[in-house]
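Please keep the structure open while reading.

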Amino acid sequence: MADLVIGCDLIVTASKDALSRMGEGRTFAAINTNGTPTSTFIKNPNWQFPTDSAEDDIRKACGSDRVDLVDAGAIATALMGDTIATNMFILGYSWQKGWVPLTEAALMRAIELNGVAIGFNKEAFNWGRIAANDMVAVKRLITPAQVIELKRAPTLDDTISKRIAFLTDYQDAAYAQAYSDFISQVKAAESKIADGKPLRLTEAAAKYFFKLMAYKDEYEVARLYTDGKFEKKIADMFEGDYAINYHLAPPMFAKRDAQGHLVKQKFGPWMMKAFGLMAKMKSLRGGSFDIFGYTAERKMERALIVEYRQTLTQLLPQLNAANLSKAVAIASIPEDIRGYGHVKERHLSAAKAKEASLLAEFQAQGRQAA
């Protein structure tokens with residue numbers, strides 16, 4: 001029997017409990033479409049945010065003409081510099097639509113009595129009102145003018161070159177050269193049977209051999225935090241006096257839960273200096289002095305690089321038109337190895353079983369073609 005639903009979280013608003021309160025032809029709904037992934041993504045890496053289905057369920061419950069879907073999270077953050085502004089923004093939007101049976105004075109007084117970020121909340125409320133009245137003008141205000149740049153679709157060679165450049169920054173030129181040499185080997189073998197068709201196996205190998213070689217260890221995390229892009233992103237989002245904390249689970253120091261899984265700990269702003277030092281030590285990666293490299297996870301990641309190269313190298317002499325698709329599937333196995341720590345271990349076990357099955361099918365198809 002709700003007259004109005006203000007939905008700041010799309011998934012919660014589309015839940016059975018919330019939908020049961022909505023009545024077609026009775027309930028108005030102002031919904032923030034800017035979604036936040038749920039914990040489901042941790043357990044299922046293929047999970048997709050259910051935007052379309054959630055919006056459809058809300059429209060069915062209220063009636064399409066009584067639902068306003070607004071990207072309030074993105075707009076409010078762009079205007080106010082903080083996602084917390086979303087709540088007052090969507091309230092202001094709803095009030096301007098005439099859906100909140102309270103006076104403006106009463107709402108402003110409530111904000112004052114609450115005593116928290118009074119000016120900020122009033123401004124967010126008023127931006128919501130403006131958006132309800134002229135959304136086009138608000139979007140124009142937060143969208144910087146951009147030069148239209150026409151780009152051609154990247155070729156396979158472009159893709160490989162980009163990854164070579166990344167791996168050079170990730171480790172060094174020799175590391176990148178090892179990647180380049182192996183991909184050239186795959187390309188030469190596939191070109192013999194391609195008959196002018198796209199090099200699907202080479203493309204898969206270029207993508208997934210890179211994925212394995214660029215595993216995100218402590219040195220890479222440090223490099224990405226200190227290359228300037230992270231700090232610029234934060235500076236563009238916030239202003240004034242703020243501090244950054246980091247939640248990390250270093251394998252050598254982190255505590256473990258009852259299941260033996262690493263537990264993240266909070267580290268203060270001083271961690272940025274530690275990152276700067278670690279980023280300079282990336283040359284130690286995989287060597288005798290790599291203190292992080294002795295963990296089971298790092299050993300596994302380095303072993304996967306070797307195993308991948310050996311597996312494809314053994315397939316190349318047997319490659320033909322009949323088993324090419326299976327070879328591409330085998331080369332794409334790293335797509336299934338996602339996450340970190342125990343999550344990655346679980347996915348690896350399933351990926352290896354899948355790989356064994358594909359290898360058997362590859363061999364069978366090769367024998368039939370022969």
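Predicted model: local features only at pLDDT ≥ 70, side-chain atom pairs only at ≥ 80, totals over all residues.

**Strand pairing, helix packing and cores**

- Strand 2 (residues 28-32) runs parallel to strand 3, and the two are joined by 4 bridges.
- The open sheet is formed by 3 strands with parallel pairing, in the order 1-2-3, and its edge strands, each pairing on one side only, are strand 1 (4-7) and strand 3 (67-70).
- On average, and with direction ignored, neighbouring strands of this sheet are turned by 5 degrees against each other.

**Helix 13 and helix 15**
- The axes of helix 13 (residues 218-226) and helix 15 (residues 271-279) cross at roughly 115 degrees and come within 8 Å, and the crossing is left-handed.
- Among the residues that make this contact are Tyr-219, Ala-222 and Tyr-225 of helix 13, together with Met-272, Phe-275 and Gly-276 of helix 15.
- By residue type, the contact of helix 13 with helix 15 divides into 8 nonpolar, 2 polar and 2 charged residues.

**The nonpolar cores**
- The largest nonpolar core has 40 residues, and those touching the most other members include Leu-167, Tyr-179, Leu-201 and Phe-209.
- Helix 10 (156-170), helix 11 (173-194) and helix 16 (296-315) are among the elements giving two or more residues to this core, while helix 12 gives the most, with 9 residues.
- Beyond its neighbours within four places in sequence, Leu-201 is in contact with residues including Val-186, Glu-190, Leu-316 and Ala-331.
- Another core, of 26 residues, lies apart from the largest one and includes Val-70, Phe-89, Ile-90 and Ala-124.

How values were computed: Residues numbered from 1 in each chain as written. Heavy atoms only, no water. Core = buried A, V, L, I, M, F, W, Y, C linked by side-chain atoms within 4.5 Å. Buried < 20%, exposed > 50% of the residue type's maximum accessible area, 1.4 Å probe, protein only. Contact = heavy atoms within 4.5 Å. Axes fitted to C-alpha atoms, helices over the stretch in contact; angles between N-to-C directions. Left-handed = near helix turned anticlockwise from the far one by under 90°. Nonpolar A, V, L, I, M, F, W, Y, C, P; charged D, E, K, R; others polar. Pairing = 2+ DSSP bridges.
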